[in-house]
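Dear colleague,

I am passing on the structure below, and after it you will find my notes on what came out of the analysis. Please read them with the model open beside you.

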Amino acid sequence: MSFDETLASLGKELGLPLEVQDGRAVFEASFGDDGEDPVTVEISSDDDGRFAVLSTDIGELPQNDVEALATTMLEANHLFAATGGAALSVEGDRAMLERRVRLEELSRGEGANVIYPFIGLAVQWRRKLIPQLSPLTF
């Protein structure tokens, strides 16, 4: 199944119109008590066409304690202990959560089992990054 076909299937499963433009689709999602600040998820095709990359911006890096947060992010990335198979990274002054998945994982009618936990992790990390949203520990 191609990337476009996979996202069409995933869109039907999630009840979202996932429109692919320039090899990527973007949608917003929220659930639980974070409904006022939705997570924007980008799904893009990788170069070989067998994988998709899920990506979301989880917030601006705090200016007061960047080193401590960077250490926390690195520890979470170790063996994906607190990232559910995703990876935390930094792009400029923003923290990102990204995950590379096989297209088959998104197209077997079980794509929600990949997407929902990814969104949940983004919400958790956003709360950790921006403590005034809600206290959270890993």
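The buried residues of helix H2 pack against strand S4 (87–91), strand S5 (94–102) and helix H4 (112–129), where contact means heavy atoms within 4.5 Å, and where helices (H or I, at least four residues) and strands (E, at least two) are DSSP runs numbered from the N terminus. This is a predicted model, in which local features need pLDDT of at least 70 and side-chain atom pairs count only at pLDDT 80 or more, while totals for chains, interfaces and linings use all residues. Residues are numbered from 1 along each chain as its sequence is written, and side-chain values use heavy atoms, with hydrogens and water left out.

The buried residues in H2 are Leu 69, Met 73 and Ala 76, buried being under 20% relative accessible area, exposed over 50% and partly exposed in between (1.4 Å probe, protein chains only). They lie on the same side of H2 because they cover an arc of only 60 degrees around the axis, the arc being that of the directions from the helix axis to the C-beta atoms. On the other side of H2, Glu 67, Leu 74 and Glu 75 are exposed. After H2 comes Leu 79, with a positive phi near 55 degrees.

Ser 55, in strand S3 (residues 51–60), counts as buried because its relative accessibility is 14%. Its side chain makes a polar contact with the side chain of Glu 98 at 3.5 Å, a polar contact being a pair of N or O atoms within 3.5 Å, of which, within protein, one must be able to donate a hydrogen and the other to accept it, with residues adjacent in sequence counting only if both atoms are side-chain atoms. Leaving aside residues up to four places away in sequence, Ser 55 touches several others, including Thr 40, Met 96 and Phe 118.

Glu 105, found in helix H3 (residues 103–107), is partly exposed, with a relative accessible area of 25%. Glu 105 and Leu 10 are 95 residues apart in sequence and 9.9 Å apart in space, C-alpha to C-alpha.

Finally, the charged end of Arg 100 sits over the ring of Phe 51, 3.8 Å from its centre, the criterion being NZ of Lys or CZ of Arg within 6 Å of the ring centre and within 35 degrees of the ring normal.
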